[in-house]
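Biologist: Could you walk me through a few local details of this model? I would like to start with contacts.

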Amino acid sequence: MATEETVPVVNHFYRKVQRGKWKVVKVVGDSLAPEYEPDDLVLIEPARDSTVRTGDVAHVMLNGECLLKVLAFRRDRDTGRLLELQLPSLNPGYPELPVTDNDWFHVIGVEAYRIQRGRHFEQERFSPRGLW
């Protein structure tokens, strides 16, 4: 169920959401902790407007469930063909989620900005690209 709340944000963040192209998602759970904490807000740029790369934090749909996860692609060096897609967690207490040919998977969008709740400042994009 959608709820409304007021959050202090900078103007460029607000304008992108107001135009209806970008979405805001709230972090639930701690699989991306300590970088992302419950109730942090993440501005999501639609996947059609961005390039999706390994290390991006993305809003994805996996078998009917919406998730905020890191993307980790493994490609064939010669052909560039996708060999494997994993959704690793930043929190070591959670396993990587493999995405197989039997899964229904869709990238909704990628993180553009994050507001850390309770810390009252806008956090620039976190990029774990160097981790995979």
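Modeller: Setting aside residues up to four places away in sequence, Glu-84 touches Ala-72, Phe-73 and Arg-74, where contact means heavy atoms within 4.5 Å. This is a predicted model, in which local features need pLDDT of at least 70, side-chain atom pairs count only at pLDDT 80 or more, and totals for chains, interfaces and linings use all residues. Residues are numbered from 1 along each chain as its sequence is written, and side-chain values use heavy atoms, with hydrogens and water left out.

Biologist: How far apart are Glu-84 and Phe-73 in space, C-alpha to C-alpha?

Modeller: The C-alpha atoms of Glu-84 and Phe-73 are 5.9 Å apart, although the two residues are eleven apart in sequence.

Biologist: Which strand holds Glu-84?

Modeller: Glu-84 lies in strand β6, residues 82–87; strands are DSSP runs of E with at least two residues, numbered from the N terminus.

Biologist: Changing topic, which residues does the cis peptide bond join?

Modeller: The cis peptide bond joins Ala-33 and Pro-34, with omega about 10 degrees. Pro-34 is in the loop between β1 (23–26) and β2 (41–46).

Biologist: What is phi at Asp-39?

Modeller: Phi of Asp-39 is near 80 degrees, a positive value in a residue other than glycine. Asp-39 is also in the loop between β1 and β2.

Definitions and conventions: Helix = DSSP H or I, 4+ residues; strand = E, 2+ residues; numbered from the N terminus.
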